[in-house]
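Hi everyone, thanks for coming. Have a look at the model on the screen, and I'll talk you through a few side chains and strands.

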Amino acid sequence: MGAAALLLTACSNDNDLMPAGRDGYVTFTAELPSGFATRAFADGSSAIHLRYGVYNEAGTKLLNEGSATFENKQAKVEIPMITGATYQLVFWADSFGGSATDSPYGLDLESGVMTVDYTKVTTNDDALDAFFCVKQDFTATANMPAQTATLTRPFAQVNIATADLAQAKEAGINPQNSVVTVIPAYTALNLLTGAASEPTDVAVTYSAGNIAAGETVTVNNTVYDNLAMVYVLAAETSELFQSVGMTLSSKTTTDATAAMQKSYPNVPYKRNFRTNIVGNLLTSNSDWNVIIDNEFGGSLWTGDSKDPTADEEGVYHIKTAADLAGLAKMVNAGDNFLGKTVVLDNDIDLNNQPWTPIGLNADVAAKKFQGTFDGQGHTISNLRVVTPTAYTAAGFFGALNGTAKNFTIDGAYVEHISAGGSSGLTDNGVAVVAGSIYNFGTISGVTVNNATVKGNRYTAGIAGYVYGNITDCTVTDSDIVCTPDNLTGSWDNGDKCGGIGGYIAEQQGVLTGNTVTGCQITAYRDAGGLLGCYNQNAPGKVKDNKVANTTVTVNNTQNYKNYTTNAQYNVKELIGRTSTTLDATNTATDVTLNLPF
C-alpha cells in the first residue's frame with residue numbers, strides 16, 4: 001500500500017516532478033531508433049510525443065499518466081519509486097500526443113492496452129510510425145543510476161516497390177496514388193506483455209495516399225521505387241498475411257481513379273521488420289518476390305546459406321538457418337550424406353523465406369538425403385515451400401532416403417503441383433516433413449503444428465509418398481488439401497491424402513504410434529484422417545494410431561470419375577482406401593466425414 005500511495009500522489013506532468021538526484025526518483029532516458037543511411041520512410045523522426053505508465057507487479061497502474069517530448073530522439077523522465085519495490089513500466093511514443101482526436105492509436109494506460117483504429121490510417125503516411133517499450137520486473141534500488149528504455153516498433157512496415165517505373169511511364173502509366181489492403185490485421189496490443197491480439201477476419205483497407213516521391217527500397221543492390229507503404233500491428237513471431245493488395249491511381253487523392261490492382265498472397269511479416277514486395281510490378285503480373293529484412297532490428301534469416309562442416313567425429317552441426325539452407329544446397333548439388341549424421345543444435349526460424357527442399361527428386365539417388373537428421377528436440381518454425389509445377393517432391397525434405405527424427409515443425413506453408421514423369425506416374429509427393437520417402441526411409445518422433453499443405457496427389461502432414469516407416473509422429477491444427485490437376489489436358493489426381501501419410505506402397509514400412517488432432521483434410525478421393533491409401537496386406541504394420549477432432553471432406557468440383565455413391569470416393573475416418581482389416585488399436589474419435597451423397 002505504501003508504494004501505491006506514494007505513486008498515486010505524483011503529478012501527471014513530468015515537469016512537476018522533483019529534481020533529479022533526489023532520493024526515491026529514478027531517471028529514465030527513452031531512446032528512439034537512430035534511423036538509417038537513407039530515409040526510406042520510418043527514420044523515427046515523426047514520433048515526438050512520449051507517454052508512460054507505471055504499474056505494480058500485478059499490473060495495476062500506480063502513477064497518473066506521464067508525458068514528455070523527444071529532442072534528438074531522446075526524452076528524459078523522472079519517476080518516483082520505493083527502494084526494493086518491483087514495478088512494470090510502459091513507454092509509448094507517437095506523433096499525435098495524448099489530446100489528438102485524429103490519432104488512430106487508442107492508448108489506455110489504465111489497462112496498459114493500445115488499440116488501432118484502421119479507419120484512421122493512410123497509405124504512405126510516415127506520421128503513423130510509433131514505438132513502445134516495457135520494463136518488466138524492474139526493482140528500484142537506493143541511489144539507482146540513470147536507466148535507458150530503448151523503444152522499438154510494434155508494427156511491421158510493408159513496402160510495395162517496383163523496378164520498372166520508368167518503363168511504365170513511357171507506356172503511359174504514371175501512378176500518383178496508392179491504396180493498400182491487408183488481411184488479417186491485429187487491432188490490439190497489450191503493452192505490459194507485448195502480445196498482439198484481436199486480428200480482423202475481414203480485409204483492412206488503408207485510406208488512399210499520394211505516392212511519396214524519391215522513396216526507394218534497395219534489395220540485393222537493386223533499387224526499387226516505392227509505390228506503397230503501410231504500418232501494420234504485428235506479433236513478435238513471423239506470420240503470414242493471407243493477402244496484401246494494392247490499387248494504383250494515376251490521379252491524386254482528391255480525384256482518385258483506379259488504374260491498376262495487384263494482389264500478393266501469403267506474405268510474411270514480423271514486428272519491427274520490413275516486408276518488401278518487389279519486382280517489375282507495373283509491367284509483369286508474375287515478376288515479384290517478397291523479402292523480409294531486419295533493418296528495424298533482430299536477426300531473422302533472410303535466405304543466405306552456409307555449408308555446414310563436420311566435427312572431429314564426422315557429425316554435422318546445424319546452428320543457424322543459413323547452416324540448414326547450406327545442407328539443402330549440398331544435397332541438391334549431389335552430396336546425399338549417405339552414412340553421415342546431421343544434428344540440429346538450436347531452434348531455427350526460417351522466417352517464411354522461400355525454402356528449397358532438402359533433396360528434390362525421389363527418382364534421383366544422388367539428390368536424395370540418405371543420412372540421419374536428428375533434431376534433438378528442437379523446433380523449426382515458419383517453413384515456406386512454394387515450388388513450381390515439376391517432376392519433384394516438396395516439403396522440408398523433398399526426397400528422404402534416410403532417417404529424420406526428433407524435431408518439431410511449427411507454422412508451415414507447403415504448396416506444390418507434382419508433375420508426372422514420361423509415363424505420367426510419379427514417386428514424388430507433397431508434405432510438411434518429406435514429400436517422399438523412397439525407396440526406403442524413416443521419420444520418427446516428429447511433430448507438425450499449424451501447417452497448411454496444398455498438393456495434387458500424395459499429400460499429407462508428415463510424408464506424401466511412402467516406402468518406409470512413420471512412427472510416433474503427431475500432426476495438429478493443420479489444413480491438408482489435395483486438388484485434382486489438369487496437367488495433361490484432362491482432370492486427374494486429387495487423391496492419396498491423409499493427416500500422417502498420403503500413400504504407403506508395397507510391403508515396405510510401418511505406421512505406428514502416430515496421432516492426428518484438430519485437422520482439416522480435403523481431397524477428391526482416397527483420403528483419411530490418418531492415411532489416404534494403404535497398399536499392403538499387412539495389418540500388423542499399422543498399430544496404435546489415433547485420429548481425433550478432425551474433418552475429412554470430399555471436394556468433387558471436378559468429378560472426373562463420375563462417382564455416384566459415397567463409397568466410390570474411398571474417404572474414411574482412418575484410411576481412405578485399403579483392403580486390409582485394421583488392427584483394433586487404431587482409433588478415430590470425433591472424426592467428421594463430409595461426403596457428397
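Tyr 316, Phe 337, Trp 355, Phe 369, Phe 373, Phe 396, Phe 397 and Phe 407 make up one aromatic cluster. Rings of Phe, Tyr and Trp (its six-membered ring) pair if their centres lie within 6.5 Å; planes under 30 degrees apart are stacked, over 60 edge-to-face, and the rest tilted. Over the ring of Phe 337 sits the charged end of Lys 340, 5.0 Å from the ring centre (the cut-offs are NZ of Lys or CZ of Arg within 6 Å of the centre and within 35 degrees of the ring normal).

A word on the source: this is a predicted model, where local features need pLDDT of at least 70 and side-chain atom pairs 80 or more, while totals for chains, interfaces and linings use all residues. Residues are numbered from 1 along each chain as its sequence is written, and side-chain values use heavy atoms, leaving out hydrogens and water.

How many aromatic pairs does the structure hold? There are 30. Tyr 465 and Tyr 467 are stacked, because their ring centres are 5.7 Å apart and their planes at 15 degrees. Tyr 563 and Tyr 569 are edge-to-face instead, at 4.9 Å centre to centre and 75 degrees between the planes. Tyr 569 is buried, at 0% relative accessible area (buried means under 20%, exposed over 50%, partly exposed in between, with a 1.4 Å probe and protein chains only).

On to the strands: an open sheet of 5 parallel strands runs in the order S28-S31-S38-S43-S47. Strands here are DSSP runs of E, at least two residues, numbered from the N terminus, and two pair if DSSP finds at least two bridges between them. S28 and S47 each have a single partner strand, so one side of each lacks a neighbour in the sheet.

Note on methods
Helix = DSSP H or I, 4+ residues; strand = E, 2+ residues; numbered from the N terminus.
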